[in-house]
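Thanks, everyone, for making time this morning.

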Amino acid sequence: MKKISLGLLLSTSALAQLLAAAAHAQTAPAPVPAAAPTPAPEPATPSPAYPPPPGYALPPGSPPPAYGTYPGGPPPVIYSNVPAVAPGNGPVLRLFADNPRARIQQLSLSWRDVCTMPCGTTVDPTALYRVGGGTINPSEPFHLPRPNGDVVVKAATGSKVKKWVGFGLGMGGIAAAAAGGLFLAAGNKTTTDEFGNTTVSDIYKTEGYVYLITGAILMLVGFPMFASQSTSVEVH
């Protein structure tokens with residue numbers, strides 16, 4: 001009886017230990033998962049660059065300003081009379097002309113004055129220029145021969161007034177010569193007077209010669225004057 005009770009006690013004790021181990025295993029904390037690796041930061045995308053607006057001077061070799069340099073995004077297109085280069089970063093004009101009112105003009109939407117004689121202004125080397133101003137007949141447009149240094153412009157100017165006066169004189173001479181031809185044609189016609197005699201109108205002939213000579217003089221004066229009033233330039 002004692003042996004049975006002892007075996008039963010040992011069996012109960014072993015069963016209790018097994019139950020306790022199982023309960024401990026069920027309540028054990030779950031393992032902590034490993035932290036995910038932090039991804040490397042993506043490289044920053046450079047901001048787009050925009051060229052400066054006309055009239056905005058940049059030192060030679062400088063990159064264009066980045067987006068955001070100008071308030072409100074990309075720079076607006078601005079047209080002004082400010083030279084497109086900073087002082088000292090372009091050619092310097094020197095003007096020598098036979099008329100003190102002569103001016104160097106630059107094409108920027110329309111022709112505008114840049115400087116008068118003797119000039120000395122730093123300008124854009126890529127622009128188009130001419131000599132004109134006031135009653136001076138403008139020259140043919142020209143480009144500058146170099147991107148920096150002194151550029152000498154020599155001009156022999158013509159007058160708009162003399163040009164159109166010469167044109168008017170020449171056209172008047174043509175009209176006078178034509179009238180003279182008509183008078184001569186009328187004077188060469190024969191007529192018969194009341195007595196049956198054939199006569200020639202000497203008055204028409206005289207007037208015809210006067211008109212022809214006058215017309216020739218007007219044409220000889222007017223057309224050369226018209227042709228000689230162009231403005232010529234030499235650029236060095």
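Let me begin with strand E1, residues 91–97, which is mostly covered, since five of its seven residues are buried. Please keep in mind throughout that this is a predicted model.

On one side of the pairing we have strand E7, residues 149–156, which runs parallel to E1 and is joined to it by seven bridges; within that pairing, leucine 95 has valine 153 in E7 as its bridge partner. E1 is also joined to strand E4, residues 119–122, this time by two bridges and in an antiparallel arrangement, and there valine 92 stands opposite threonine 122.

Now to the charged pairs: how many salt bridges does the structure hold? There are two. In one of them, the side chains of aspartate 150 and arginine 94 meet with an N to O distance of 3.7 Å, and this pair links distant parts of the chain, with aspartate 150 in E7 and arginine 94 in E1, 56 residues apart. Aspartate 150 counts as partly exposed, because its relative accessibility is 45%, and arginine 94 is likewise partly exposed, at 32%.

The other salt bridge is formed by aspartate 113 and arginine 103, whose closest N and O atoms are 3.0 Å apart. Aspartate 113 is partly exposed, with a relative accessible area of 37%, and arginine 103 is partly exposed at 27%.

Methods:
Residues numbered from 1 in each chain as written. Predicted model: local features only at pLDDT ≥ 70, side-chain atom pairs only at ≥ 80, totals over all residues. Heavy atoms only, no water. Buried < 20%, exposed > 50% of the residue type's maximum accessible area, 1.4 Å probe, protein only. Helix = DSSP H or I, 4+ residues; strand = E, 2+ residues; numbered from the N terminus. Pairing = 2+ DSSP bridges. Salt bridge = Lys/Arg side-chain N within 4 Å of Asp/Glu carboxyl O.
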